[in-house]
Each structure stands twice: as C-alpha cells, then as structure tokens.
Amino acid sequence: MAAASEMTDTRSDGPLRLVDFDLELPVDPPPMHHTICHFEIPATDPERIAAFYRTVFDWKIDKVDVGGMEYWMVETVPTDASGRPTEPGVNGGILRKMHPQQPCANHIQVEDVSAFLERIVAEGGQVALPKTPVPGIGWIGYFKDPEANIVGLFQADPAA
C-alpha cells in the first residue's frame with residue numbers, strides 16, 4: 001500500500017478520492033470454520049425455562065415468531081443489529097418440546113446443509129431432519145452421528 005505521504009487528493013468539485021493504493025483484496029471469502037453457532041434447549045414450559053435461565057445466568061431472552069413456531073431467542077453475549085455476537089460466545093434458543101425425550105441440540109455452521117447431510121450419511125451418520133427452511137434466516141437440518149447424538153446444521157440464507 002502507498003505511504004500516506006504518497007496519497008493524492010484528486011478532488012476538483014467532488015468528494016475526496018485517494019489514489020495510488022496497492023491494495024490486495026481477497027478474491028475468495030475466507031474458509032468457514034464449521035463451528036458451533038447456535039444451541040437449542042427444548043422445554044415443556046418454555047416461559048418457565050426462559051425465566052430460569054434469565055435469573056440464573058442473566059441471559060437476555062425474548063419470545064419471537066419463527067415461521068409460525070413459538071421460539072425464544074437467547075443472547076448469552078451481546079449482539080449487533082443483525083443479531084450476530086459482538087463478543088466471543090454462542091447464542092441460542094428455547095423451543096417447545098416436540099417429543100418427551102427431545103435432547104438439547106447444538107448447531108454447526110456450514111456452507112450447504114444438503115452437501116453436509118450427504119457427507120454425514122457417507123460416513124455412517126443418519127439424517128434426522130432433512131434440509132428445512134427457517135424463513136428469512138437460513139436452512140437447518142439435523143443428523144445422528146454414529147453414536148446416535150443428534151446435532152444440527154445451519155446455513156445462513158436470508159432468502160430461505
């Protein structure tokens with residue numbers, strides 16, 4: 001990059017433009033790390049569980065409508081205007097149990113839920129829930145690993 005002393009103001013009557021930069025911009029986005037990006041806590045009484053976690057851990061928990069499903073968004077760390085954590089940590093949600101033995105689930109962020117479900121099956125896992133839209137947010141899917149642990153996948157896509 002050019003030194004500050006080499007920057008040139010080429011303004012005539014317009015805005016300031018700085019020229020003579022030697023910027024190397026990345027062509028491709030950085031690789032995704034496939035990290036845990038979300039957790040879900042199922043509950044028979046979500047309001048009671050939300051109150052419990054608010055009181056014990058001082059988490060911010062708000063009830064929202066997600067595609068017609070009752071859902072409580074859980075902020076364990078602060079977020080920006082788009083809902084992304086601004087500090088290290090993982091946020092999640094509370095949902096009404098769909099069956100009595102429904103376990104807590106972690107979600108792993110991936111580029112393509114369908115492609116990862118195929119990889120999971122090829123390696124001995126099973127699809128528990130195929131790729132499903134979360135309107136305006138992205139796609140989810142669930143799988144069972146070879147030890148029968150249920151884990152979620154998440155693909156960000158506001159057009160879902």
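1. F52, V56 and F57 together make a nonpolar surface patch with about 300 Å² of accessible area. A patch here is built from residues with over 30% relative accessible area and no salt bridge, like charges being joined within 9 Å and nonpolar side chains (Val, Leu, Ile, Met, Phe, Trp, Tyr) within 5 Å; a salt bridge is a side-chain nitrogen of Lys or Arg within 4 Å of a carboxyl oxygen of Asp or Glu, and accessible areas come from the Shrake-Rupley method with a 1.4 Å probe, with only the protein chains shown counting as cover for residues. V56 belongs to helix α1 and is partly exposed, at a relative accessible area of 47%, where buried means under 20%, exposed over 50%, and partly exposed in between (1.4 Å probe, protein chains only).

2. On the basis of the description: this is a predicted model, in which local features need pLDDT of at least 70 and side-chain atom pairs count only at pLDDT 80 or more, while totals for chains, interfaces and linings use all residues. Residues are numbered from 1 along each chain as its sequence is written, and side-chain values use heavy atoms, with hydrogens and water left out.

3. The chain contains two helices and ten strands, arranged along the sequence as β-β-β-α-β-β-β-β-α-β-β-β; helices (H or I, at least four residues) and strands (E, at least two) are DSSP runs numbered from the N terminus. Of the 160 residues in the chain, 27% are buried, and the chain exposes about 10800 Å², of which carbon and sulfur atoms supply 55%. Among contacts with a separation of 6 or more, 44% are between residues 24 or more positions apart, contact meaning heavy atoms within 4.5 Å.

4. Eight strands make up an open sheet of mixed pairing, in the order β4-β5-β6-β3-β7-β10-β9-β8, two strands being paired if DSSP finds at least two bridges between them. Its edges are β4 (60-66) and β8 (126-134), each of which pairs on one side only. Neighbouring strands of the sheet are turned against each other by 25° on average, direction ignored; axes are lines fitted to C-alpha atoms, for helices over the stretch in contact, and angles run from 0 to 180 degrees between N-to-C directions.

5. Helix α1 (residues 46-57) packs on this sheet, where it touches β3 (36-43), β4, β5 (69-75) and β6 (92-96), and its direction makes about 150° with that of β6. Helix α2 (residues 113-122), for its part, lies across β8, β9 and β10 and runs at about 180° to β8.

6. β4 and β5 pair in the antiparallel sense over seven bridges, with K60 standing opposite E75 in β5; the two strands form a hairpin with two residues between them, and G67 in the turn has a positive phi of about 55°. Strands β9 (residues 138-144) and β10 (residues 150-156) also run antiparallel, joined by seven bridges, and the bridge partner of G138 is A156 in β10.

7. Which residues have a positive phi although they are not glycines? Most residues other than glycine have a negative phi. H34, in the loop between β2 (18-19) and β3, has a positive phi of about 55° and is partly exposed, with a relative accessible area of 33%. D58, in the loop between α1 and β4, has a positive phi of about 60° and is exposed, with a relative accessible area of 68%.

8. H34 and H107, 73 residues apart in sequence, are 9.5 Å apart from C-alpha to C-alpha.

9. D157 lies in the segment after β10 and counts as partly exposed, at 22% relative accessibility. Not counting residues up to four places away in sequence, D157 touches G136, I137, G138 and W139. The C-alpha atoms of D157 and I137, which are 20 residues apart along the chain, are separated by 5.7 Å.
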